[in-house]
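Trainee: I am new to this structure and would like to learn how to read it. Could you take me through some of its features?

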Amino acid sequence: MSKVSDYAFINAKLRARIGIMRDTALFDEMIKAPSLTEAFAKLDGTRHQDLLEVYRKTGDLQQVELEMLEDEISIYREVESYLPTVPSSFISVLLEKIEVDNVKNVIRLWYSGAIRHHAISYRAAYLYKKEIVHSIDYDGAINAVSYQELLGAFHGTPYVDVLSSFSMESLASEGLFPLEIALDHMWFRHLEEGIKNLSGQDRKTAEAIYNTDVDLKNILMLTRYSYSYHLSPESLRRVMIPMGYIAREAERMGALQSDDPIAVLSGIVRHHYPQISEEIARIRRTADDLTTVEENNREILLIEAYLGERRKKEYRKILQGDPFSIGVVLAYFFLCIQEYGALRAILSGKYYGRSEEKIREGLGL
Amino acid sequence: MSMFTRKMRMLTAVVMESDKDNVVKALLEKGVMEFVHIGSLPADKMARLSEHSSSVPKAVLTDMRIRVETLLKEGGLQLPELESHVLENLPSLDMETYRRTLDRLSLSLQSIRDRQKVINQDINALEEIIRYSAEKKDDYLDLRVGVTTHGSADDLLQRLEQIGGVFLFSSKPFISLTLRRDSSRVTEVMDKFGWTESTDSEAQKNAVAEAIGEAKAKTESYRLELQKLSEDAKERIRKVADDLFRIWTNVRVHELCEHVESYFSYTRNTTLFSGWVPSEYSDDISALISKVTSGRCIIEWTDADEMPREEVPVEMTSPKILKPFERMVNNYSTPEYGSINPTPFTAVAYLCMFALMFADLGQGFILLLVGLVGTWLYKKHPEKKDGIISRYLCSLLMYLGPASMIGGLLFGSCFGFELLPALWFPFDAVVEGEAVPGLVQDIYDILGITIKFGIVIIYLGLVLNWINLVRKKRFFELVFDKNGLVGGALFSLGIWFAWGFVASGYRTFPSAPFFQPALIFCLVLLFLKGPVGAVIKARKGEKESIGSIVIDTVMDFLVQVLEIFSGFLSNTLSFMRVAGLGIAHASLMAAFYDMAGMPDNIIAQILIMILGNALVIVLEGLSAGIQSLRLNYYEFFTKYFTGHGIAFEPVGFKSSSAD
């Protein structure tokens, strides 16, 4: 099968959808709406009518968010079904990211009930319990009274290996952060393998996108944890995603074994992402009165904004380029995620009574 | 109906500032004027004019209107129609009161949603228990049957309900069905009341069923409550519908006034405005302005001919019966001012093409029926959103159905059967290779008919283009353009040549004394396009170098020749798709006819024919519709339709231009 026959149909289908997707006027009207009910009412007659129907029936934002998750999963599934085996299995890896996040939610819920002894019943209803990629016994997980039972719920899935390296005691003492990082790392390993299985242009496109993505996530991680928590080199190794240019360079240069790992890592970041380094340096020079935490928060926001912008540029380039590659599919997913993200941010902003300005700021508008 | 776009005139008027409001209201009521910004006055005069400043900005009014519309929609209410009498006693805006009214309503709706949320969470909690029981996941459940030794049962119940579960405390022994994961909290609470497990084995045995029965009953009643609350939300909006309509009407009218006034310019005592009006209304508008200003006005009219054509708004005046086809034209683009209205030609061409591709009396009748029923349903339920068979499609089907029926009569086809004698020739029989009397004997004859039809359509397009060019006084293009006279002549020569070749059985090329001189004359004209164009430009002061003229001429000539020969050839052959679709339609029906003959069972035979017809109506109907549109857009419109116009959007009560 040629690339044209692989992607001709899905390319046409997704481009048509992308064409009607970017409805900034809808978001603007939703932000302006004075209440959550009125913000929801704006969805009448749009592609997100199903969300409005759920809200009209239940009045429950969390129920709507569950519906949104279901919609997102169905988007991946639909695209997956139109692609040949190799790119389709790569989409499955991307769908696994949603599953990893869902698994994290399950474990948080279990942790809250079994370790912190909080009531979780009403929250359990908003958990996505259908199969995403692997067959997980979600009921078993949230009802587990021991760690063994929790492991049993994940039997036959790749999550068992990750969960096995933790115990109820270690989670009780260290919290869920190390486990969540380990789950993320597992997914990134799967992603790396998935990219390797792609061929030709598809691999190049996916590599370019996800290596940059991982690099920026690593920068974010360094910014977030190195300054605030002063992580040891060993902890740094644990939080850094072992993929992308920065991680590879850090490995090659032995950054984490050096006397000042942060300085070496900063050097690598400066070399590959000079713009972001300059911006961070500018913030620090001009914000003398800020505390470290505030500085840190501003940097995080800055990197997130940069990450968003860079992704947008990347995907715009893809949409203008070769139509017969996985790029169009990835661009479509990106736009969908962005759209659902914006919807979530606006609706939860309205729910918590945030001002228009705050919501816009959060959306980077 | 006019053959051409509606004639326009531009009004420029000066009225006293004190008469401004009356003028605005009168023009709004009339609703025939598209306002333009005054930007062509000399800079010194413009500087003396000030822009409109409003008490309530239009954006605020628009936001308020949209807010009311959103709430009305949420209540399932239709927007009211604006009527002229609202202008007579238009109340002043009281935005603060409006805002308070809307906030009150919004708050009341939010309280309903919050209540729904609580009930939904209760349903979720109960459903988890019901599901575990149904899926035999009893391990996750915690059933207790017993009595308390001290304390009040009501207090215990209250505390247990905070944890969540099903509790039957109306008779002893009490039943508590909770989730195992909550068991430590349940035990803790029960211990405080001295809970003792019952030894009554019968009660223990029936407890789960009783508790699940209770959970199901509760869930059902919660669901009904949810539904009722959902209806309540609509009802609350309906209760204040009059207020909402009043607010909407006032805000909308003020918004329209603001929109109109945003085009006005002011001196200290006067107001100046300008806009386009269909020429037949110019006297009415003059009289109207004079009346409301008591003659204190200066009115000046400028004919559209005096203005650059591209600045004049365009309106087509097609009769109501042709509206579905006008939309087809508008979807393509707006024609240039003063050019031919393509709607009637599009209607005829589209219906002919569809009738040739989808000729069946019975299937056409089904299309007509769908169109009629759909239109009736949409009229009955005006709030209903457009489905796959939209309002527009329904209106179109009411034309396509009869067109298909006429086609069916011409070719003697009804639901794929030759039930009637063909008025023209039996299409299905010809496709199936049967010997038929008459001129049309085989598929090639059908292809020939559609090519002739294509030639007629293309020539019609060229003639319409020539009329447009004469009206626009673009004589250079009329003569030299590929869609001009020279293009038309070359197309004629091509047709004559091809006809002769086909008539000889594809053996010899035809020859005639006029052919070569005519061909050379046309090619020379085509070659002269560059130099003649350069001379015309030079006269207008746009001089070009000889070198560039020569290069442009040669290149342009080669491109034009290529375009004319390949373009006209492909345009003409493109019409073979009409025959192709018609043949596919007949073949598909023949295939279903054969399939229906296979089973011995009469019911199976009827079912196959019904399914076959349904499939053909949907698939072939869609294909024929799309191909007809394509032929109109690419083969017909490209010959005469420039689409350089801007649509005329008068501001009135029914306009959307202020949105």
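Trainee: Which hand does the crossing of helix 18 of chain B and helix 19 of chain B have?

Mentor: A crossing is called left-handed if the near helix is turned anticlockwise from the far one by less than a right angle, and right-handed if clockwise. Here the crossing of helix 18 and helix 19 of chain B is right-handed. The model is predicted: local features need pLDDT of at least 70, side-chain atom pairs count only at pLDDT 80 or more, and totals for chains, interfaces and linings use all residues. Residues are numbered from 1 along each chain as its sequence is written, while chains are lettered from A and ligands numbered from 1 in the order in which they are written.

Trainee: At what angle do helix 18 and helix 19 of chain B pack?

Mentor: Two packed helices are described by the angle between their axes and the distance between the axes. Axes are lines fitted to C-alpha atoms, for helices over the stretch in contact, and angles run from 0 to 180 degrees between N-to-C directions. Helix 18 (residues 515–539) and helix 19 (residues 546–574) of chain B pack at about 145°, and their axes are 8 Å apart. Helices (H or I, at least four residues) and strands (E, at least two) are DSSP runs, numbered from the N terminus.

Trainee: Which residues make the contact between helix 18 and helix 19 of chain B?

Mentor: Two residues are in contact if their C-beta atoms, placed from the backbone, lie within 7 Å. Helix 18 of chain B contributes B:Leu526, B:Phe527, B:Lys529, B:Gly530, B:Pro531 and B:Ala534. From helix 19 of chain B come B:Ile549, B:Asp552, B:Thr553, B:Asp556, B:Phe557, B:Gln560 and B:Val561. By class, seven residues of this contact are nonpolar, three polar and three charged. Ala, Val, Leu, Ile, Met, Phe, Trp, Tyr, Cys and Pro count as nonpolar, Asp, Glu, Lys and Arg as charged, and the others, Gly among them, as polar.

Trainee: What does B:Asp556 touch, leaving out residues up to four places away in sequence?

Mentor: B:Asp556, found in helix 19 of chain B, touches B:Lys529 and B:Gly530 when those sequence neighbours are not counted. B:Asp556 and B:Phe527 are 29 residues apart in sequence, with their C-alpha atoms 8.0 Å apart in space. A residue is buried if 20 or more other C-beta atoms lie within 10 Å of its own, exposed if 12 or fewer, and partly exposed in between. B:Asp556 counts as partly exposed because 16 other C-beta atoms lie within 10 Å.

Trainee: How many strands does the open sheet of chain B with the order 5-6-4-7 have?

Mentor: Two strands pair if DSSP finds at least two bridges between them. This open sheet of chain B has four strands, with antiparallel pairing. Its edge strands are strand 5 (166–168) and strand 7 (195–197), each pairing on one side only. Direction ignored, neighbouring strands of the sheet are turned by 35° against each other on average.

Trainee: Over how many bridges do strand 4 and strand 6 of chain B pair?

Mentor: Strand 4 (residues 141–148) and strand 6 (residues 174–179) of chain B pair over six bridges, and B:Leu141 has B:Leu179 in strand 6 as its bridge partner. Strand 4 and strand 7 of chain B pair over three bridges; there, the partner of B:Gly146 is B:Glu197 in strand 7.

Trainee: Is the peptide bond from B:Lys172 to B:Pro173 cis or trans?

Mentor: That bond, from B:Lys172 to B:Pro173, is cis, with omega near -5°. B:Pro173 lies in the loop between strand 5 and strand 6 of chain B.

Trainee: Is B:Ser294 buried or exposed?

Mentor: B:Ser294 counts as exposed because it has 10 C-beta neighbours inside 10 Å. Its phi is near 55°, a positive value in a residue other than glycine. B:Ser294 sits in the loop between helix 9 (282–292) and strand 10 (297–303) of chain B.

Trainee: How many residues of chain A are in contact with chain B?

Mentor: 27 residues of chain A are in contact with 32 residues of chain B. The largest share of the side of chain A that touches chain B, four residues, comes from helix 3 of chain A.
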